[in-house]
Amino acid sequence: MLNLKKTAVAVLALGSSAAFAGTMGPVCTPGSVTVPCESTAWDFGAQALYLQSVYDADLGYIGNRVDGDRTTYLDNDQDWGWGFKIEGSYHFNTGNDFNVNWYHFSKSTDTNSTAVVTLHGLTSTLNDTVRTKPRWDAVNLEFGQHVDFGEMKNVRFHGGAQFARIKSDFRVTPRTAGDTGVASAEARFNGFGPRAGADMSYDWGNGVAVYANTAAAVLVGTSKASTANNVNLAATVSTYGSKTAIVPELEAKLGAKYTYAMASGDLSADIGYMWQNYFNAQHLAPSVESDFGLNGLYFGLKWVGNVA
């Protein structure tokens, strides 16, 4: 009898422990990973960009001015300006697309000085205006794959290539009557290479979504530099250099989008903020190097039309 009781107690103990183990919480089941149904479509879009270009390292300062025994470095603080992005895509199969997009930005910035300006070895006269004018063009060719992670999350993985052209002009001109000296310099990079990234989106419903996009590229191309210095009609002293350069590039975007379903397709409006940086993309001399970066707002429209 005693052994029977011991056996019953053991069975009850095991049963109760199993019951407690089963009530620790619900079991989470991950959502299914799918791709869209097969379809064919075209899309066209345009965005306005409001950006500021950024230099660092040796071009973080555009020169210096000397007032007696005091040297003041002139911050290369660029003005904000407008640019644009235009794009077009062909959608095919189960979430595949081929996209071509073009970015363009150019903006001049004038900085006035009341003392002698030295621009990386180029010396001009008193009361100068230092003008910096960057120009950036980038063309991306992308093959993408749309993947849905459950009902609300999706990612577009893409890979392809980028061609980029970055040009920076620097010019020091006098503002004092009678001074005719001009100092100028130009840095230029043209490069091409592979690019890959991911566009991640979270759909809130009713056409509203927030997203975070990121991409990276490695560009190989030619980096050129030239300078010319002519002070008060003296003989012009010039330099020139050209080298092969490997320039890594990183970019990121955060934004929100609203999509309105139409009878002939979908119309999307989005707004966000972008960051972009090309490492060591500009040089004026063997010892003068700088990244070239951009950051700022963008907003635009895109229309996607299905092909029957």
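Is Gly300 buried or exposed? Gly300 is buried, because its relative accessible area is 15% and the cut-off for burial is under 20%. The model is predicted.

## Around Gly300

Gly300 sits in strand E16, which covers residues 288-306. Its contacts beyond four places in sequence are Ala46, Gln47, Ser268, Ala269 and Asp270. Ala46 is 254 residues away along the chain, yet the two C-alpha atoms are separated by 5.6 Å.

## Strand pairing

Strand E10 (residues 128-149) runs antiparallel to strand E11 (residues 153-174), and 22 bridges join them. Asp128 faces Pro174 of E11 across this pairing. E10 and E11 make a hairpin, with 3 residues between the strands. In the turn, Gly150 has a positive phi of about 80°.

E11 also pairs with strand E12 (residues 182-205). The sense is again antiparallel, with 20 bridges. Here Gly160 stands opposite Arg195 of E12.

## Nonpolar cores

The largest nonpolar core holds 27 residues. Leu51, Trp136, Tyr278, Leu284 and Phe292 have the most contacts inside it. A second core of 5 residues is separate and includes Leu74, Val130, Val172 and Ala183. In soluble globular proteins, nonpolar side chains tend to be buried together.

Setting aside neighbours within four places in sequence, Phe292 contacts Ser53, Val54, Tyr55, Pro134, Trp136 and Ile166 among others. The list also includes Gln276, Asn277, Tyr278, Ala281 and Gln282.

Which side chain of opposite charge is nearest to Glu249? It is Arg195, at 4.7 Å.

Glu249 belongs to strand E14 (residues 237-262). Its side chain does make a polar contact, at 2.8 Å, with the side chain of Gln276. Beyond four places in sequence, Glu249 touches Gln162, Ala215, Ala216, Ala217, Gln276, Asn277, Tyr278 and Phe279.

## Salt bridges

How many salt bridges does the model contain? The count is 14. Side chains of opposite charge can pair when their charged atoms come close. One of the bridges joins Asp110 to Arg131, at 2.7 Å from N to O. Asp110 lies in strand E7 (residues 109-113) and Arg131 in E10, so the pair ties together parts 21 residues apart in sequence. Asp110 is partly exposed, at 40% relative accessibility. Arg131 is partly exposed too, at 40%.

Glu142 and Arg195 form another bridge, at 2.6 Å from N to O. Glu142 is in E10 and Arg195 in E12, so this pair ties together parts that are 53 residues apart in sequence. Glu142 is buried at 6% relative accessibility. Arg195 is buried as well, with a relative accessible area of 7%. Asp199 of E12 and Arg156 of E11 are 43 residues apart, and their side chains meet at 3.0 Å, N to O. Arg156 counts as buried at 15% relative accessibility. Salt bridges with shared partners join Asp97, Glu142, Arg156, Arg195, Asp199 and Glu251 into one network.

Conventions:
Residues are numbered from 1 along each chain as its sequence is written. This is a predicted model: local features need pLDDT of at least 70, side-chain atom pairs count only at pLDDT 80 or more; totals for chains, interfaces and linings use all residues. Side-chain values use heavy atoms; hydrogens and water are left out. Two strands pair if DSSP finds at least two bridges between them. Helices (H or I, at least four residues) and strands (E, at least two) are DSSP runs, numbered from the N terminus. A nonpolar core is a set of buried Ala, Val, Leu, Ile, Met, Phe, Trp, Tyr and Cys residues joined through side-chain atoms within 4.5 Å. Buried means under 20% relative accessible area, exposed over 50%, partly exposed in between (1.4 Å probe, protein chains only). Contact means heavy atoms within 4.5 Å. Lys and Arg count as positive and Asp and Glu as negative; His and the chain ends are not counted. A salt bridge is a side-chain nitrogen of Lys or Arg within 4 Å of a carboxyl oxygen of Asp or Glu. A polar contact is a pair of N or O atoms within 3.5 Å; within protein, one must be able to donate a hydrogen and the other to accept it, and residues adjacent in sequence count only if both atoms are side-chain atoms.
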